[in-house]
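Biologist: I'd like to learn how to read a structure feature by feature. Could you walk me through one?

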Amino acid sequence: MAVSFHLMPPIQFRLSDRAKLKRWIKTIVENHHKSLGETSFILCSDEYLYQINMEYLQHNTYTDIITFDNSDNPGIIEGDIFISIERVVDNAKKYGVSPDEELRRVVAHGILHLLGFKDKKTEEQALMRQKEEECLLLFKSLL
């Protein structure tokens, strides 16, 4: 298992408790009967993520996360998860949570995508929100 976190300049963000985050991510994956392979979280700016959204997905919108699944084996999840820290901080204010908690929600969202959960349809979005909440509760239960 290799989970890595990368900060893309000019982003400056203090990532709290990396070791616990990595254990949490591994536990989420194992709870879905998969193994965790090489998974990178790239913490970047709105503009950086916007350019990725335009180039690779042809979406002319800002977003908080884009997940690329790199897995060749159905039992192992691997991918690159790009997260806009600017969106995370703004959304944390909007929803009245800490930036760390909002980042955990977005990290869980990306992992859930790698696990096969979708969020295009209304019913998929509801299940995704439920799974995100389960993941956040799991984080709080870990020592």
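Biologist: Let's start with S4: does it count as buried, partly exposed or exposed, and why?

Modeller: First, keep in mind that this is a predicted model. For burial, you look at relative accessibility and compare it with two cut-offs: under 20% is buried and over 50% is exposed. S4 comes out at 23%, so it counts as partly exposed.

Biologist: Where does S4 sit, and which residues does S4 touch?

Modeller: S4 belongs to strand β1, which covers residues 2–7. Leaving aside residues up to four places away in sequence, S4 touches T39, S40 and F41. There's also a side-chain link to H6, a polar contact of 2.9 Å.

Biologist: How far is S4 from D17 in space?

Modeller: The C-alpha atoms of S4 and D17 are 13 Å apart, and the two residues are 13 residues apart in sequence.

Biologist: Since D17 came up, what stands out in its backbone?

Modeller: Here's the general idea: most residues other than glycine have a negative phi, and most peptide bonds are trans. D17 isn't a glycine, yet its phi is positive, about 50 degrees. D17 lies in the loop between β1 and α1, and at 44% relative accessible area D17 is partly exposed. H33 is another residue to look at, with a positive phi near 60 degrees. You'll find H33 in the loop between α1 and β2, and with 73% relative accessibility H33 is exposed.

Biologist: And which peptide bond is cis?

Modeller: The one from P9 to P10, with omega near 10 degrees. P10 is in the loop between β1 and α1.

Biologist: On to helices. How do you describe two that pack together?

Modeller: You give the angle between their axes and the distance between the axes. Take α1 (residues 18–31) and α4 (residues 99–114): their axes come within 11 Å and cross at roughly 35 degrees. The crossing is right-handed.

Biologist: Which residues of α1 and α4 meet there?

Modeller: From α1 you have L21, W24, I25, I28 and V29, and they meet R104, V107, A108 and I111 of α4. By class, that's 8 nonpolar, no polar and 1 charged residues.

Biologist: What about α1 and α5, at what angle do they pack?

Modeller: At about 130 degrees, with axes 10 Å apart; α5 is residues 122–141. That angle makes α1 oblique to α5. α1 passes α5 in a right-handed crossing. On the α1 side, K20, L21, W24, T27, I28 and N31 take part, facing C135, L136, L138 and F139 in α5. The class count for this contact is 7 nonpolar, 2 polar and 1 charged residues.

Terms used
Residues numbered from 1 in each chain as written. Predicted model: local features only at pLDDT ≥ 70, side-chain atom pairs only at ≥ 80, totals over all residues. Heavy atoms only, no water. Helix = DSSP H or I, 4+ residues; strand = E, 2+ residues; numbered from the N terminus. Buried < 20%, exposed > 50% of the residue type's maximum accessible area, 1.4 Å probe, protein only. Contact = heavy atoms within 4.5 Å. Polar contact = N/O pair within 3.5 Å; in protein donor to acceptor, adjacent residues only side chain to side chain. Axes fitted to C-alpha atoms, helices over the stretch in contact; angles between N-to-C directions. Left-handed = near helix turned anticlockwise from the far one by under 90°. Nonpolar A, V, L, I, M, F, W, Y, C, P; charged D, E, K, R; others polar. Parallel < 35°, antiparallel > 145°, perpendicular 65-115°, else oblique.
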